[in-house]
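Here's a quick briefing to read with the model open beside you. Have a look at the fold, then go through the points below.

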Amino acid sequence: MPGRSRTTGVFAYGAAAGLALDLLVGDPRRGHPVAAFGRAAAAVENRLHHDHRGWGALHTAVCAGTTVALGALAARAVRDRPAAAVALTAASVWAVVGGTTLGREARAIGGALAAGDLDVARERLPHLCGRDPQSLDGPAMARAVVESVAENTSDAVVGALFWGAVAGVPGLVGFRAVNTLDAMVGHKSPRHRRFGWASARLDDVAGWPGARLTAALATVAGGDPRGALKAWRADAARHPSPNAGPVEASFAGALGVRLGGTLSYGGRVEHRPVLNGEGRPVEVADIDRAVRLSRRVTGLTLAVCVGGRLIASALKRRNA
């Protein structure tokens, strides 16, 4: 029983410290652990790549499995030292979340749009999402930023904290590894259409609970809970992504804006369903509103995850 309470405290203090560190310093410009993982995953891909789902599944298993194993070994090494365990959790949270950088990049693009400098906005947009910036005007870039803030709140913050609450440090780093692999090979390019299938499907599974938690908390924390819930129920399933749909729809309803529509990735034009069709078009000022909503969702996620661990611990004690 004391061990269960201690692990809950380790997660609570470590996650809070990691989020505070992210808020204070953001991501490092050089030497980021996620970038190091990306380089290692790319090296493994170069060795294993074949135009075949089986080889892609092996690539996913090697990269994600190794990361989880290393996280488990590190957690095991400090399990009898609470202070070291808190420090490891804090460092892991800081390494895998990206809320501050997400907000910083979004606001930088918003500032450029507000100043009428579309060239600067187009130059910075690839830092945030994979769309073709040259094909977008100002309103389309503002919409892309709001959609990216919504989706990355789930991918870069909420999903990681959820799996950290469930599985500790291995859950934190494992989720980030899966999410990074999906960004690297999970898209439908000719090289990765089959090879990246396993990474994309695993990311869908790993991201499912975090996406629903993000949507629920955006509904609670936004300015229009009824509108957010309505958009989530009506439009989420129409989105081609099972996880981006609930998140973007709930953000759209909470902010009172209309998301979705035509976009371009890698020269490929997609016509996506409109989310919250009753909302107004996105304006530049909505970028800052989306960032503030993202931060509120982050704070609520920490509270929900810690509360969930406390409840689970209490139930285990009762049944022991």
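This is a predicted model: local features need pLDDT of at least 70, side-chain atom pairs count only at pLDDT 80 or more; totals for chains, interfaces and linings use all residues.

Residues are numbered from 1 along each chain as its sequence is written, and side-chain values use heavy atoms, with hydrogens and water left out.

**Confidence**
- Mean pLDDT (the predictor's confidence in each residue, from 0 to 100) is 93 for the protein, and 97% of its residues reach 70 or more.

**Overall build**
- The protein has 11 helices and two strands; these are DSSP runs numbered from the N terminus, with helices being H or I of at least four residues and strands E of at least two.
- Along the sequence the pattern reads α-α-α-α-α-α-α-α-α-α-β-β-α.
- The radius of gyration is 20 Å, close to the 20 Å that the globule rule gives for 320 residues, so the protein is as compact as a globular protein of that length. (That radius is taken over C-alpha atoms, and the rule is 2.2 Å times the number of residues to the power 0.38.)
- The C-alpha trace spans about 55 × 45 × 35 Å along its principal axes.

**H2 against H7**
- Helix H2 (residues 33–48) packs on helix H7 (residues 138–185) at an angle of about 55°, with the axes 10 Å apart. Axes are lines fitted to C-alpha atoms, for helices over the stretch in contact, and angles run from 0 to 180 degrees between N-to-C directions.
- H2 and H7 are therefore oblique to each other (under 35 degrees counts as roughly parallel, over 145 as roughly antiparallel, 65 to 115 as roughly perpendicular and the rest as oblique).
- The contact (heavy atoms within 4.5 Å) includes Val34, Phe37 and Gly38 of H2 and Arg176, Ala177 and Thr180 of H7.
- By class, this H2–H7 contact has eight nonpolar, two polar and two charged residues (Ala, Val, Leu, Ile, Met, Phe, Trp, Tyr, Cys and Pro count as nonpolar, Asp, Glu, Lys and Arg as charged, and the others, Gly among them, as polar).

**H4 against H7**
- The axes of helix H4 (residues 82–96) and H7 come within 10 Å and cross at roughly 140°, so H4 and H7 are oblique to each other.
- Leu88, Thr89, Ser92, Val93 and Val96 of H4 meet H7 residues including Ala156, Leu172 and Arg176.
- The H4–H7 contact has nine nonpolar, two polar and one charged residues.

**H7 against H11**
- H7 and helix H11 (residues 285–319) have axes that come within 10 Å and cross at roughly 10°, so H7 and H11 are roughly parallel to each other.
- Among the contact residues are Ala142, Val145 and Phe162 of H7, along with Asp286, Cys305 and Arg309 of H11.
- The H7–H11 contact has 15 nonpolar, five polar and two charged residues.
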